[in-house]
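Here is a short note for a colleague new to this entry. Please read it with the model open.

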Amino acid sequence: MNTKNNKRRKESQEKIKKAFVGLLQTYEVKDITVSDLIKTTGLNRSTFYANFLDIFDLADKVREDLEGEFSDLFADYDYFNERSGALKMFRHIKENQLFYQTYFKLCYDEKHLISICDPKRAEQEQVTKNLKYHIEFFRNGLNAIIKLWLAGGCKESPEEMAEVLKQEYRGR
């Protein structure tokens with residue numbers, strides 16, 4: 001029986017997601033087909049469609065999983081100790097480069113970006129007047145730094161990257 005949370009269904013979903021992430025390293029989302037996935041996984045086409053509407057639904061679900069993992073990483077984040085938080089983030093990125101490369105590749109609409117900006121911290125530092133602009137500026141700057149670091153193969157250490165972020169965010 002193909003119930004929503006059974007072990008076999010979850011295993012199939014994970015197999016499809018893993019194959020999709022692998023294919024994303026070579027192809028753009030729009031160039032990946034269900035046929036590519038079923039050939040790679042050895043699963044039936046019906047198994048794919050029992051779990052996902054289409055390739056873009058799969059891409060959205062993978063992106064949501066990645067965002068959830070990132071959020072979990074910072075569940076206990078101390079926004080008032082940004083050095084250790086930035087260091088934690090950059091260490092995680094370096095250890096999980098494929099994860100982050102995949103995440104950014106799936107942000108084809110650029111609406112979903114990594115953010116660790118804390119409105120409480122911004123309020124304490126009196127950045128409330130134009131908070132939405134501050135958050136947008138910080139989020140996009142942070143993502144640009146991460147993307148550039150990933151593109152270069154994460155050659156700089158996480159400590160160096162935390163210092164880069166600190167220097168760019170000095171005064172706050």
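At what angle do helix H4 and helix H6 pack, and how far apart are their axes?

1. H4 (residues 55-73) and H6 (residues 97-106) pack at about 130 degrees, and their axes lie 10 Å apart. That makes H4 oblique to H6; angles under 35 degrees count as roughly parallel, over 145 as roughly antiparallel, 65 to 115 as roughly perpendicular, and the rest as oblique. Angles run from 0 to 180 degrees between N-to-C directions.

2. H4 passes H6 in a left-handed crossing (the near helix is turned anticlockwise from the far one by less than a right angle). On the H4 side, the contact (heavy atoms within 4.5 Å) is made by Ala59, Val62, Arg63, Leu66, Glu67, Glu69, Phe70 and Leu73. H6 brings Phe99, Tyr100, Thr102, Tyr103 and Leu106. These residues divide into nine nonpolar, one polar and three charged.

3. The model is predicted: local features need pLDDT of at least 70, side-chain atom pairs count only at pLDDT 80 or more, and totals for chains, interfaces and linings use all residues. Residues are numbered from 1 along each chain as its sequence is written, and side-chain values use heavy atoms, without hydrogens and water.

4. Now the whole chain. Its secondary structure comes to nine helices and zero strands (DSSP runs of at least four residues for helices, at least two for strands). Residues 24 or more positions apart account for 65% of the contacts with a separation of 6 or more.

5. Of the 172 residues in the chain, 40% are buried (under 20% relative accessible area, 1.4 Å probe). The accessible surface comes to about 10,600 Å². Carbon and sulfur atoms hold 50% of that surface.

Technical notes:
Nonpolar A, V, L, I, M, F, W, Y, C, P; charged D, E, K, R; others polar. Buried < 20%, exposed > 50% of the residue type's maximum accessible area, 1.4 Å probe, protein only. Areas by Shrake-Rupley, 256 points an atom, 1.4 Å probe, with all protein chains shown as cover.
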